[in-house]
Amino acid sequence: MQEHIRQLFSENIQTMIATGESLAGPLENAAFVIVNNLVSGGKVICCGEGATAALATHFAQLLLDQFETERPCLPALALQPHNNSLQHSHQQDYLARQIKALGQNNDVLLVISLSGSEPALIKAVEAALTNDMKIIALTVDSSGELSGLLNQQDVELKVPAHRRARIFECYTFLLHSLCELIDMTLFPQQGDI
């Protein structure tokens, strides 16, 4: 069993290295997109489905509160994945309906997908595009329809992994890195973290 444990750590490390090599530029671009939109008076709207909804909520909370250093609150919210009234009457567009109501053209949608084919997330991205919002998408290698919706102004953070556990670990790390880059850019007087 200990050998298997070592193998799990090794697999995580290798996945993180591959992700770092392939996503350094896109991660920097994602931070700049968010910073520019925040400076322009926009907000970050986050969404996911299932386990990734928890990551979306976590990221929004880090922006609202703080990451590792005290700083002013940043405007962010996570869409509600469990709104029963919306889910029952509108099975696949419960996230899109929230974006239509809350999203504006100077906002960013941060969408977190484990497959790229979740109907609710695809409809959320379509709604964001209709509202002229920029999109940052955390996706995987086989990202399906969601990746195809993105424009040149959008940023895709495509994790080079196939196991859901490794993908989720990378997503968490990417979101924490994004918070750090946003804080470093908006609040440089607080020094490097």
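Two strands pair if DSSP finds at least two bridges between them. Strands (E, at least two residues) and helices (H or I, at least four) are DSSP runs, numbered from the N terminus. The model is predicted: local features need pLDDT of at least 70, side-chain atom pairs count only at pLDDT 80 or more, and totals for chains, interfaces and linings use all residues. Residues are numbered from 1 along each chain as its sequence is written, and side-chain values use heavy atoms, with hydrogens and water left out.

**Exercise 1. Strand 3**

Task: Work out why strand 3 is described as largely enclosed, then trace its pairing.

Solution. 
- Step 1. Buried means under 20% relative accessible area, exposed over 50%, partly exposed in between (1.4 Å probe, protein chains only).
- Step 2. Five of the five residues of strand 3 (residues 108–112) are buried, so the rest of the structure largely encloses this strand.
- Step 3. Both faces are covered: one side carries the buried Val108, Leu110 and Ile112, the other the buried Leu109 and Val111.
- Step 4. Five bridges link strand 3 in the parallel sense to strand 1 (residues 44–48). Gly48 has Ile112 as its bridge partner in strand 3.
- Step 5. Strand 4 (residues 134–140) also runs parallel to strand 3, joined by five bridges. The partner of Leu109 in strand 4 is Ile135.
- Step 6. From strand 3 the chain crosses through helix 5 (residues 119–130) to strand 4, a right-handed β-α-β crossover. Right-handed means that, with the strands pointing away from the viewer, the path from the first strand over the helix to the second runs clockwise.

**Exercise 2. Gly48**

Task: Is Gly48 buried or exposed, and which residues does Gly48 touch?

Solution. 
- Step 1. Gly48 lies in strand 1.
- Step 2. Its relative accessibility is 2%, so Gly48 counts as buried.
- Step 3. Leaving out residues up to four places away in sequence, Gly48 touches Ala53, Ala56, Leu95, Ile112 and Leu121. Contact means heavy atoms within 4.5 Å.

**Exercise 3. Two helices**

Task: Describe how helix 2 and helix 7 pack.

Solution. 
- Step 1. Helix 2 (residues 51–64) packs on helix 7 (residues 164–186) at an angle of about 15 degrees, with the axes 11 Å apart.
- Step 2. The two helices are therefore roughly parallel. Angles under 35 degrees count as roughly parallel, over 145 as roughly antiparallel, 65 to 115 as roughly perpendicular and the rest as oblique.
- Step 3. Among the residues that meet are Leu55 and Phe59 of helix 2 and Phe168 and Leu175 of helix 7.

Note on methods:
Axes fitted to C-alpha atoms, helices over the stretch in contact; angles between N-to-C directions.
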